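Please keep the sequence and the 3D view open while reading.

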Amino acid sequence: MMTKLMAGAIAAGSIIALTGCGSATNASQQKSPAIPSPAASPIPPVQKAPRDVAAMARRPCELLTPQQAASFRLDLPPEQEDGLFGTQQCTWLSKNREYTTVRSVYVSMFTNNLTLEAVYGRRQGLPFFEMANISGYPAIVSRTNASLPGCDIDVKPAERQSVSIIYRAIEFKNNPQQACEVGKQVAAAVVMNFPLKS
C-alpha cells in the first residue's frame, strides 16, 4: 500500500508539473517554466527505432513476462488498476512469510506527455539524479529518498511517450543505491516488451 501511495504521489507530481506548464499563457509565466520547452529540452531525442507505448497502454501487466517477473523474484500474478488521467498501471510484489512486502515493481505509462522533462525540472530536490540510457532509449534514473532502498526510472521509448518504473527492495536497505542497478535491469526488460512502432 505504501509503495502504491508513493508511486501515485510521484506520478501525480510529474503530471501536475506538466499540466501547470501547459496552461501558462502570459509572457511572465513563459519566461520561467518548470519544464524546458521541447526545442530547448535537455532530454535527447529518440535515436533508436521508437517503440509503441500506446499499444500497451491498456495492458501494463504484460510489460514483464511471467519468466521475467520470476527472474526478478516477483510474485505472480501482478495487479492491474486504474492510474492517473484514465491510464492503467501495474504492480508486482514479493512478500515474505509474514506477508510483508520485500520487493515491488510499479509500472505506469503516458502517451502524450513530456514526463522526462518534468523529472528533469525537479532534479535539484532529488538526492540522486542521473541522465541514462536504457536499452538505447533516453532515460532518467533518480531517487526521491536517500535512506530508502528504491529507485525511479523514467524512459522515453518514443517522442512524447514514456514509461515509469519504480523499484523497491528492502534487501538493499544497507546500500539503497543498489536498488537503481536492479531497477535499470527491470526497466530494460519492460522497454523491450513494447512493440516497435509500425
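Number the bonded cysteines of the protein in sequence order, and the pairing reads 1-2, 3-4. The model is a predicted one. A search of the whole structure turns up two disulfides.

The angle about its S-S bond is 105°, and the link of cysteine 61 and cysteine 90 is right-handed. Cysteine 61 sits in the loop between helix 2 (27–30) and helix 3 (66–71), while cysteine 90 belongs to strand 2 (residues 88–95), so the bond ties together parts 29 residues apart in sequence.

The other disulfide is formed by cysteine 151 and cysteine 180, with sulfur atoms 2.1 Å apart. Its S-S torsion is about 95°, so this disulfide, too, is right-handed. Distant parts of the chain are linked here: cysteine 151 lies in strand 6 and cysteine 180 in helix 5, 29 residues apart.

The table gives the values.

| Cysteine | Relative accessibility | Class |
|---|---|---|
| Cysteine 61 | 18% | buried |
| Cysteine 90 | 0% | buried |
| Cysteine 151 | 0% | buried |
| Cysteine 180 | 1% | buried |

Cysteine 61, at 18%, counts as buried because the cut-off is under 20%.

What is the order of its strands? The sheet is open, has seven strands and runs 1-2-3-7-6-5-4, with antiparallel pairing. Strand 1 (79–82) and strand 4 (128–134) are at the edges. Each has a single partner strand, so one side of each is left without a neighbour in the sheet. From one strand to the next, the twist averages 20°.

Strands of a sheet pair through backbone hydrogen bonds, either parallel or antiparallel. Strand 3 (residues 101–110) and strand 7 (residues 161–169) pair in the antiparallel sense, over eight bridges. Within this part of the sheet, serine 104 stands opposite arginine 168 in strand 7.

Helix 5 (residues 178–192) packs on the sheet. Helix 5 touches strand 3, strand 4, strand 5 (137–143), strand 6 (150–158) and strand 7. The direction of helix 5 makes about 140° with that of strand 7.

Note on methods. Residues numbered from 1 in each chain as written. Predicted model: local features only at pLDDT ≥ 70, side-chain atom pairs only at ≥ 80, totals over all residues. Heavy atoms only, no water. Pairing = 2+ DSSP bridges. Helix = DSSP H or I, 4+ residues; strand = E, 2+ residues; numbered from the N terminus. Axes fitted to C-alpha atoms, helices over the stretch in contact; angles between N-to-C directions. Contact = heavy atoms within 4.5 Å. Disulfide = S-S within 2.5 Å. Buried < 20%, exposed > 50% of the residue type's maximum accessible area, 1.4 Å probe, protein only.
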